[in-house]
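Student: Could we go through this one together? I would like to know what stands behind each label.

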Amino acid sequence: MSSGSPTLLLAIGIPAAVVTFLIALFAFIITMVRRRFAQARAALEHEGIALESGPRWMTIHYSSFRARGMRIGAGVNKTRGSLVLTRQGRIILMPGFQGRYWLVPPNITVGIAEDGRLHIHCDRPSGEGASGSIDYRIAMPEAAAWMTTLTQAGARPLAG
């Protein structure tokens, strides 16, 4: 055996081990995220889904916002998810922040923004110590139907 063999084994073995570890780690993370999403989805289906937006891009503005595991003094987040209105009147973002906080129609104002996006604003989020202000802007063709449904559920229309 030549003296270059161990070097060659190390040059191939270490990167291969790192890549194998990373693949296993990502597979574990993806499995856990899918499991968490399935559990949250099952809980929502048990509660009953009244309306669901389907996957949409949305912009979320936070101001002095707190929920379990989250503290955001001021911030903007762009994410993709489904907005779900349950039969019990909870508004939840899926996947994403399920279990941390939710919105209820009597605590929100809703309207159509100048650019046609659904605009949901809440100064009193519910659940697990949530507080502060949260503002959703969601581009969807059925924004007017969502606004009508939410106002019928008790949401106040946005002024302006």
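Predicted model: local features only at pLDDT ≥ 70, side-chain atom pairs only at ≥ 80, totals over all residues.

Student: What makes residues 5–47 a helix whose span agrees with expectation?

Tutor: Helix 1 holds 43 residues, so at 1.5 Å a residue it should span 63 Å. The C-alpha atoms at its ends are 63 Å apart, which agrees. Just after helix 1 comes Gly48, with a positive phi of about 100 degrees.

Student: Which residues of helix 1 are called buried, and why?

Tutor: They are Ala40, Arg41, Leu44 and Glu47. The word applies because buried means under 20% relative accessible area.

Student: What covers those buried residues of helix 1?

Tutor: The cover includes strand 1 (49–52), strand 3 (70–86) and strand 4 (91–94). For the protein as a whole, buried residues make up 37% of the 160 residues.

Student: How do you know how the protein compares with a compact globule?

Tutor: Set the two values side by side: a compact globule of 160 residues would have a radius of gyration near 15 Å, but the protein has 22 Å. The value for the protein is thus above the globule value. Its C-alpha atoms fill a box of roughly 80 × 35 × 35 Å along the principal axes.

How values were computed. Residues numbered from 1 in each chain as written. Heavy atoms only, no water. Helix = DSSP H or I, 4+ residues; strand = E, 2+ residues; numbered from the N terminus. Expected span 1.5 Å × (residues − 1). Buried < 20%, exposed > 50% of the residue type's maximum accessible area, 1.4 Å probe, protein only. Contact = heavy atoms within 4.5 Å. Rg over C-alpha atoms; globule rule 2.2 N^0.38 Å.
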